[in-house]
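Keep the model open while reading, and find each place as it is named.

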Amino acid sequence: MQKVYLDNAATTQVREEVIAKMQEALAVHYGNPSSTHSFGRSAKTAVEKARKTIAKILNAQPSEIIFTSGGTEADNMILRCAVRDLDVKTIITSKIEHHAVLHTAEELEKEYGIALHFVNLDENGNPREDHLKELLARDDSKKLVSLMHVNNEIGNITDINSIGEICKEHGALFHSDTVQSVGHYPWDVEKTPIDFFTAAAHKFHGPKGIGFAFIRKNSGLKPMIFGGSQERGYRAGTESFHNIVGLEEAFVKAYEHLEAEIKYVKGLKEYFLDKIKKEIPDVHFNGLSGDLEKSTYTLTNVRLPFDKQKGLMLLFHLDLKGIACSKGSACQSGSNMGSHVLTQILTQKELEKPSLRFSFSYNNTKEELDYTIGVLKEFANS
């Protein structure tokens, strides 16, 4: 049986170079980065080198890169501390954000009594800028806008430069969950009007359990986790040194190979779209995921012409055939609820048809896509 991994939006295979760097870190540089002896200084030097490397690629200041356990912690840290420390009274977000943002905003509404508003979406799932402007102009309260760059389920790309300028005009802070785009798109924070964004190494072929928050200098945020003075005082706790080294290597390799890998992976997506439309003519694509220019090159979200009963067996059938894909975010796989993203943009009739997210990487091949579409076609005709 062929094994095909098409769930790269959930997590990616770790690069061999990353594994080698992490093994070296675990075996050789085992000192605590906060210790003053040579073992600790060696580890501390590597941590700060990683910070500087990442900052240089982003055109940021090293002090603006704060290592976290991943995107979820970084999102929580930014939203919670903005409300606590920056006098934010209103959060504006959308109903198709990752739950790391949605659930945090909902909890902050309960805990602090902030106003929580959701920007309207167009028929494809893009935030409506006219409504965002209306929400920002509604009152004089301090506001934080949180809108993701690339949607993790339907792949829509939000124009964060435009959103950032709108926020700037209204004196609002702007945070973006960029977990699906950091490592996949070029960044220049000096040219991007954004205050905060987040990243997770395992989305760009690095280890799990490590990521970072970009926090614009002089933001005024204070620590969420208290203890030692690690991470410029923003995040107490001994740094996960081997993971930081792995993050750095994955980040460097992602941007070294970015142009070639975008071309290759975009070619895979184009091939997949063309072939599945040919083999299963009644297929539809959710959001803008079928548009090569308006959605990320890394994924597509396919709505298949199967009845509800048959659709219940689809993911199980694919798994039996060795194919890994997803019904939505891996973070909600333990839930019996459907996709909160698709619920916002599809009609009830459309929701009755099964939808699957296929997400690609440089490790995939056209032969794997042929096999996958063949299995889908066989299932459709069974």
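In what follows, a helix axis is a line fitted to C-alpha atoms over the stretch in contact, and angles run from 0 to 180 degrees between N-to-C directions. Two packed helices are described by the angle between their axes and the distance between the axes. The model is a predicted one.

**Helices α5 and α6**

- Helix α5 covers residues 129-136 and helix α6 covers residues 160-169; their axes lie 10 Å apart, at an angle of about 20°.
- Because angles under 35 degrees count as roughly parallel, α5 is roughly parallel to α6.
- The two helices, α5 and α6, cross in a right-handed way.
- On the α5 side, the residues in contact are Glu129, Leu132, Lys133 and Leu136, and on the α6 side they are Ser162, Ile163, Ile166 and Cys167.
- Sorted by class, this contact between α5 and α6 has five nonpolar, one polar and two charged residues.

**Helices α8 and α13**

- Helix α13 spans residues 366-381, and α8 packs against α13 at an angle of about 25°, with 10 Å between the axes.
- With the same cut-off of 35 degrees, α8 and α13 are also roughly parallel.
- The crossing of α8 and α13 is right-handed.
- From α8, the contact includes Leu268, Tyr271, Phe272, Lys275, Ile276 and Glu279, which meet Lys366, Leu369, Asp370, Ile373, Leu376 and Lys377 of α13.
- The classes in the contact of α8 with α13 are seven nonpolar, no polar and five charged residues.

**Phe272, a residue of α8**

- Phe272 sits in helix α8, which runs over residues 258-279.
- Why does Phe272 count as buried? Its relative accessibility is 0%, and buried means under 20%.
- Not counting residues up to four places away in sequence, Phe272 touches Thr300, Val302, Phe358, Phe360, Leu369 and Ile373.
- Two of these contacts, Leu369 and Ile373, are among the α13 residues that meet α8.

**Ser176, a residue of β6**

- Ser176 belongs to strand β6, residues 173-176.
- Is Ser176 buried or exposed? Ser176 is buried, because its relative accessible area is 0%.
- A polar atom of the Ser176 side chain lies 3.2 Å from the backbone nitrogen of His149.
- Beyond its neighbours within four places in sequence, Ser176 contacts Leu147, Met148, His149, Ile160, Ile194, Phe196, Phe197 and Thr198.

Conventions:
Residues are numbered from 1 along each chain as its sequence is written. This is a predicted model: local features need pLDDT of at least 70, side-chain atom pairs count only at pLDDT 80 or more; totals for chains, interfaces and linings use all residues. Side-chain values use heavy atoms; hydrogens and water are left out. Helices (H or I, at least four residues) and strands (E, at least two) are DSSP runs, numbered from the N terminus. Buried means under 20% relative accessible area, exposed over 50%, partly exposed in between (1.4 Å probe, protein chains only). Contact means heavy atoms within 4.5 Å. A polar contact is a pair of N or O atoms within 3.5 Å; within protein, one must be able to donate a hydrogen and the other to accept it, and residues adjacent in sequence count only if both atoms are side-chain atoms. Angles under 35 degrees count as roughly parallel, over 145 as roughly antiparallel, 65 to 115 as roughly perpendicular and the rest as oblique. A crossing is left-handed if the near helix is turned anticlockwise from the far one by less than a right angle, and right-handed if clockwise. Ala, Val, Leu, Ile, Met, Phe, Trp, Tyr, Cys and Pro count as nonpolar, Asp, Glu, Lys and Arg as charged, and the others, Gly among them, as polar.
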